[in-house]
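Colleague: May we go through this model together? I have a few questions about its architecture.

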Amino acid sequence: MNLKDFETNYKPTWCPGCGNHAIWIAMRGALAELGLKPENVLIFYGIGCSGNGANFTKSYTWHSLHGRAVPSAIGAKLANKDLTVIVMAGDGDAFGEGLGHFLHAIRGNADITYVVHDNHVYGLTTGQAAPTADKGYKAKSTPAGIIEVPVNPTSLAVTNGGTFVSRGFSGNAKHLKGLFKQAITHKGFSFVDVFQPCVTFNKINTFEWFFDRVYNVDDDATYKNTDKMAAFGKTQEWGKKIPYGVLYKAKRDTYGSNLPQLKGQALSKRKITTRNLDKLTKEFA
Amino acid sequence: MKQKNNLSWKIAGEAGFGIKSAGMMLGKIFMRAGYELFDYTEYPSLIRGGHNVFQLIVDTRPVNSVTEKIDVLVALNQNTIKENFDDLASGGVLIYDTDKIKISSAKLKNAKVDGIGIPLTTFAKESGGEVMRNVVALGATLALVDQKLLIANKVIRENFKNKGPKIIANNLKAVKAGFDFVIKEYKKDFPCDLPTLKPKDNILISANESLAMGALAAGLNFYVAYPMTPSSSILHYLASVAEKTGTVVKHAEDEIAVINMALGAAHTGARAMVGTSGGGFALMTESLGLAALTETPVVMVNVQRGGPATGIPTWTEQGDLQFMLHAAQGDFPRVILAPGDAGEAFDLGAQAMNIAEVYQTPVIIISDKFIAEGNSTVPKFKTNNIKINRGKLLTQAQLNKIKEYRRYKLSADGISPRTVPGMKGGLYIANSDEHDSYGFSFEGSKNRIEQVDKRQSKLDTFMKSMPTPLIYGNPKAKKTVVIWGSTKGVILDAYVQLPESIKKKIRIMQVQYIWPFAGKFVSHVLETSKDVLLIENNSNAQLGNLIAQETGIKIKNKLLKYDGRPFFREEITKALKKF
């Protein structure tokens, strides 16, 4: 397997220099290096620039409604545990429309990977402030600057019971590929928040802006990413220094793994036959 | 009151008094004694206090409705006298707790009602606890209608099986106390006689549970819901049998998650269903369109209550028909089924699973609180005639023979061969954007028309095998009553009791497959009618509007009710006699 095995005939429609290109390359690289086959990979996309990626990566694909990719992915994984299930969403998808689903998915710890294209703006609708935009960010719908403080996705994930909380950066595709591989092989809900600068609409949080600030947590020898309180501290770092990499890791049963009815063959692969109701009707007789 | 072998019985008091549990036990006793029955609960949306009413109709023939006037009222508190005393028919009996309730003999006399005052609280306490007042009253009722304690004792043992021998013994004591009191103290011959008959092979079940069972029979293996009255008992029932049946039953965080989770599971090949009421369905609407556009099979159950908004959560209404027809943006195919009672809910629950998968489109089942929470006796379900039909779902061997697989390939019947993730050579995008035949996003003009028409044509295909509306009564009669859904029960119950001279002049048309609409059939029936009466449990005549839209025929004569209560049998009898 190589990159090409996960490529359709459709060429990306993203702007030249868009951070999505690196995510696209890194994900295909990760899938290929993990030896996965396109037919065993099911990717759910949200709506937005990230969602348009549905057409460019070769796999089984579900192009969802805005904000709704996560519950569908959980449903699919419950029904067919043999599939590798991945969600690709934007920051509006994930933290605007779909913030509730995000928090509940973390609680449940379904064995899926959630990649969020985080660039602080709504690209496809021409640059309005996303829920991750810094306070004061000026855009078409907030000309005087956004009043709210930003959502902190990695903090939410750590405090809410996340088992794999990470950040990637489109400026380091090689690292991103490694991160995706770890996330996909993690047993449980793996969250990858990817800094992916929007070169067209966000003139503040640019590649340069991130390059000046980001550092890899692996470079901090004293940092232990299994310490929840330390991880929470890491997710609070913002400003001059911003960490990326695996910020937090924990072990917990995955969603559905303890359900007796899901033991054995995947639900969707079982032959559907008429059920005999003789035993069930007894309680009504 | 004339001598008869049917009964309309009501018990009322505060929530927490065991109103429903006593009523359900009495229902089971009469079913085991060979009777048919229907029950109906009225309750406000709260857990303790308030005024709860449980009504039981017992008869020798099938019943699916309630009467306005009752033969027996069991009053557990003073408020019941205020709220329900006037429900008693002349010649009826009031059973009341003399430890809690005062009533003047003049009031009883004026209403021509016999009062049987029983110290229910004292008897219950002597039996082991005040909570058993309902069971004492149950015993009193049995004595009143000439039913013995034999079956009751067995039902009580089963009912309290999990609570241990002490609780069972206490309840047996309580039921006997009430029974003995009436035998000893009430010497009149109450005209409702319900002695034990030859038992039938029936079960006592609500349309919510029977719908769930129908779906299970037809292979349901993935159910998602968020609790919402009056749909919750589908969730509760399926959750209780999830492990036994190998079904995933998920209570998700909200209705938007519910439908999208079901779609994700269905996409991989599970047989998925969701259940809710109107408000929850409103949250699901965008994804209803997604199911249709991606051609993903899913069954969506809407158990109606009175709307809009929170509305009247625990009361019945047929106010969502037009909503189900129009929910979600854009043009797309959907199938809408409306069961009229618990038996039909079973059949349509099973049918829906097949229709969704054969036509690869959402199927909506629209029911309502009246049948969804009311239990009725129905013949034990048979599953030998339920066949699983997965439509054009490909096997790997079939797929291997296809050179270049296209999920949305145009076809004469509008249905394209389907793969599921994991199959080699069957990759596609299930796309919420308009797409080409492979599933790639594509907005071209010709393609758009082709794909819209392809999807829509699935309904034309479905129409070819769709059952016609049901006709009851004299099929050649010139007076036609038009109905849908849960009003079936009360209309048929009233109809069978009419004199032959009126009966032969009336036919009843029940539209069970609401969409696609059987326009030709309905037109013919209406055009060959001299008089038409439309009966609906809503204020806008929503089926009437659909009929007008599809046939050009406007039904002027309408009987509409929208106070949250079902039609009472007396109301329909009057309307049919006048008609």
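Colleague: Across which strands does helix 17 of chain B lie?

Modeller: Helix 17 (residues 487-496) of chain B lies across strand 16, strand 17 (479-483), strand 18 (506-510) and strand 20 of chain B. Its direction is at about 165 degrees to strand 18 of chain B. Angles run from 0 to 180 degrees between N-to-C directions, with axes fitted to C-alpha atoms, for helices over the stretch in contact. Helices (H or I, at least four residues) and strands (E, at least two) are DSSP runs, numbered from the N terminus.

Colleague: What should I know about the source?

Modeller: This is a predicted model, in which local features need pLDDT of at least 70 and side-chain atom pairs count only at pLDDT 80 or more, while totals for chains, interfaces and linings use all residues. Residues are numbered from 1 along each chain as its sequence is written, chains are lettered from A and ligands numbered from 1 in the order in which they are written, and side-chain values use heavy atoms, leaving out hydrogens and water.

Colleague: What pLDDT does chain B average?

Modeller: The average is 97, and 100% of the residues of chain B score at least 70; pLDDT is the predictor's confidence in each residue, from 0 to 100. For the complex, the predictor gives an ipTM of 0.98 and a pTM of 0.97.

Colleague: Back to the strands: what is the order in the open sheet of five?

Modeller: The order is 16-18-17-20-21 in chain B, with mixed pairing. Strand 16 (470-473) and strand 21 (558-560) of chain B are the edges, each pairing on one side only. Two strands pair if DSSP finds at least two bridges between them.

Colleague: How many bridges join strand 20 to strand 21 of chain B?

Modeller: Three, and these two strands of chain B run parallel. Leu534(B) has Lys558(B), in strand 21 of chain B, as its bridge partner.

Colleague: And where is helix 20 of chain B?

Modeller: Helix 20 (residues 542-551) of chain B lies across strand 17 and strand 20 of chain B, at about 130 degrees to strand 20 of chain B. Contact here means heavy atoms within 4.5 Å.

Colleague: New topic: which residues does the cis peptide bond with omega of about -5 degrees join?

Modeller: That bond joins Gly307(B) and Pro308(B). Pro308(B) is in the loop between strand 11 (298-304) and helix 12 (321-326) of chain B. Ala309(B) also lies in the loop between strand 11 and helix 12 of chain B, and has a positive phi of about 50 degrees although it is not a glycine.
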